[in-house]
Amino acid sequence: CLELIFPAHSYDVHPFIKKRLQRYGPLFRTNIAGRNVVVSADQEFNNFIFQQEDKSVVRWYLDSFGKLLKQSGEVTSNGLSLHKHMRNTVLTSFGIESINRNLLSLFEELVRRTLHSWSTQDHIDAEYATIAMFGEFGGDLLCSYDAETSKELIDKYVNATSAVMSFPFNIPGTTYHKSLKNKEKVMEMLREAVNARLASPRDDKNDLISKMIKDINIVDFVRPEYIAQRLFALLFTMFQTLPLLLVFGLKFISENPAVVGELIAEHDEIIAKRKNSDSSVTWEEYKSMTFTLQVVNETLRLGNTVPGFMRKVVKDIKIRGYTIPAGWGIMACQSALHLDPNIYKDPLKFDPSRWKDATPEFISKNLKPFGGGIKQCAGADFSRATLCIFLHVFVTKYRWSIVKGGDIVQNPIMHLKKGFIISVSERSD
């Protein structure tokens with residue numbers, strides 16, 4: 001339905017979905033881009049769907065998104081093994097052990113350099129600047145790229161993914177056609193990186209390419225092209241999702257001075273307890289950032305970058321007297337859960353304190369920014385940690401003000417219409 005890609009200027013549930021939820025209830029059928037899709041805000045059903053991964057449903061994307069990322073929801077004989085392989089690989093590089101061992105300090109070092117650079121400029125567009133920061137980090141961790149090569153990759157990648165929710169008209173002159181051309185340029189860079197590493201096996205770097213190459217003679221489906229395609233998909237999180245979440249967080253706290261004050265108090269206290277005030281954040285300090293994690297949770301709740309998670313039915317599903325046929329799509333609409341007034345009082349208000357007394361059970365049940373089931377995003381802990389580390393350096397070392405921008409728009413991916421322009425200066429108090 002074209003209405004889903006019409007811009008909505010709010011972070012409320014997209015009007016296309018909200019209007020139908022009010023009319024038909026938490027489960028309704030619609031047509032999106034020529035596909036029969038069941039949209040579900042029924043959390044009991046959504047939890048069931050997440051438990052049916054690779055049984056009755058498989059991960060699925062709309063044609064434009066799927067073709068750009070070369071993702072398929074089709075069942076294959078090794079589909080589950082492929083997912084397990086990628087999940088294990090990602091957890092090895094970005095899981096809790098790696099966060100504790102070296103990622104906290106590596107990311108903090110990058111944040112310090114980045115924010116110093118921001119403070120030397122009259123103003124910066126935080127949306128693009130955060131993409132550049134995560135791009136440099138991701139380029140290094142995934143491919144051992146230097147900052148200059150990472151920037152080249154970022155520019156090409158942003159152009160390649162500019163049409164992820166457009167209609168897949170591969171006709172010269174269309175945005176989608178241009179995106180496919182730019183995707184091929186990114187793929188050429190990634191293939192060159194993989195082939196160069198294969199040609200120099202002794203050049204063993206501690207990046208994701210090296211970890212995946214080691215599996216070529218062990219796992220039957222791991223081949224150079226597979227590695228390049230997986231890297232392209234992982235870069236979407238590093239170059240798109242994480243930067244957007246961070247800039248949303250900056251927008252939300254900038255509009256709530258009381259939240260900024262409480263963040264400053266929490267992080268100043270952490271520094272006051274150190275023997276050396278300039279030392280890096282320790283794992284124990286990260287875990288003590290109670291209010292900061294509440295801010296992160298609230299950012300994840302409101303920052304629904306997509307309206308829902310897509311799945312494709314591969315085996316008929318019977319639900320409350322109805323049958324969802326094989327071949328249909330399902331959108332598990334987590335944005336409706338996150339903005340449900342029966343769960344969250346004043347749901348459109350940015351209020352980190354709502355998480356103060358939340359139990360782990362409540363959070364697990366009612367906050368699902370990373371999906372659920374066996375295919376929940378393996379980078380969830382990494383996402384939370386990077387947001388906390390950025391805020392730690394930002395509020396202890398700098399002050400900032402909004403210059404312009406920050407207007408939310410959904411079509412249906414949520415982003416900032418005209419960027420988020422801020423002025424950053426070193427803290428003087």
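How many nonpolar, polar and charged residues does the lining of the second largest pocket have? By class, 10 residues of that lining are nonpolar, three are polar and three are charged, where Ala, Val, Leu, Ile, Met, Phe, Trp, Tyr, Cys and Pro count as nonpolar, Asp, Glu, Lys and Arg as charged, and the others, Gly among them, as polar.

## Basis of the description

The model is predicted, and local features need pLDDT of at least 70, side-chain atom pairs count only at pLDDT 80 or more, and totals for chains, interfaces and linings use all residues. Residues are numbered from 1 along each chain as its sequence is written, and side-chain values use heavy atoms, with hydrogens and water left out.

## The second largest pocket

The second largest pocket has a volume of about 340 Å³. A pocket is defined on a 1 Å grid over the protein atoms alone, as an open set of points where a 1.4 Å probe fits, with protein on both sides within 12 Å along at least five of seven lines, and its lining residues have an atom within 4 Å of a point. Grid points are joined across faces, edges and corners, and the volume is the space filled by probe spheres set on the points.

Of the 16 residues that line this pocket, Leu-21, Ala-336, Leu-339, Asp-340 and Pro-341 are the closest to its centre. Helices α1 (15–24) and α14 (334–338) each supply at least two residues of the lining, and α1 gives the most, with three. Helices (H or I, at least four residues) and strands (E, at least two) are DSSP runs, numbered from the N terminus.

Helix α1 also holds Lys-18, which counts as partly exposed because its relative accessibility is 31%; buried means under 20% relative accessible area, exposed over 50%, and partly exposed in between (1.4 Å probe, protein chains only). Leaving aside neighbours within four places in sequence, Lys-18 is in contact with Asp-12 and Val-13, contact meaning heavy atoms within 4.5 Å. Lys-18 and Ile-389 are 371 residues apart in sequence, and their C-alpha atoms are 35 Å apart in space.

Helix α8 (residues 175–199) has 25 residues and reaches 36 Å from its first C-alpha to its last, close to the 36 Å expected at 1.5 Å a residue; the expected span is 1.5 Å times one less than the number of residues. Among the buried residues of α8 are Tyr-176, His-177, Lys-183, Met-187, Leu-190 and Arg-197.

Helix α11 (residues 257–272) has 16 residues that should span 22 Å, and its end C-alpha atoms are 22 Å apart, in agreement. Its buried residues are Val-259, Val-260, Leu-263, Ile-264, Glu-266, His-267, Ile-270 and Ile-271, and they pack against α10 (224–254), α12 (283–287), α13 (290–302), α16 (380–397) and β9 (398–405). An α-helix has 3.6 residues a turn, so residues three or four places apart point the same way.

The annotation "binding site" in an unreviewed UniProt entry covers Cys-377; UniProt positions are given in the numbering used here, feature names are shortened, and annotations may be inferred rather than shown by experiment. Cys-377 is found in the loop between α15 (360–366) and α16, and is partly exposed, with a relative accessible area of 31%. Leaving aside neighbours within four places in sequence, Cys-377 is in contact with Arg-87 and Phe-370.

Thr-89, in helix α4 (residues 79–94), is buried, with a relative accessible area of 7%. Beyond four places in sequence, Thr-89 is in contact with Leu-208 and Met-212.

Leu-142 lies in helix α6 and counts as buried because its relative accessibility is 1%. With neighbours within four places in sequence left aside, the contacts of Leu-142 include Phe-94, Leu-208, Leu-231 and Met-238. The C-alpha atoms of Leu-142 and Lys-404, 262 residues apart along the chain, are separated by 34 Å.

## Positive phi in two loops

Ser-144 has a positive phi of about 60° although it is not a glycine; this residue is in the loop between α6 (126–143) and α7 (147–160) and, at 28% relative accessibility, counts as partly exposed. Arg-320, also not a glycine, has a positive phi of about 50°. Arg-320 is found in the loop between β6 (317–319) and β7 (322–324) and counts as partly exposed at 48% relative accessibility.
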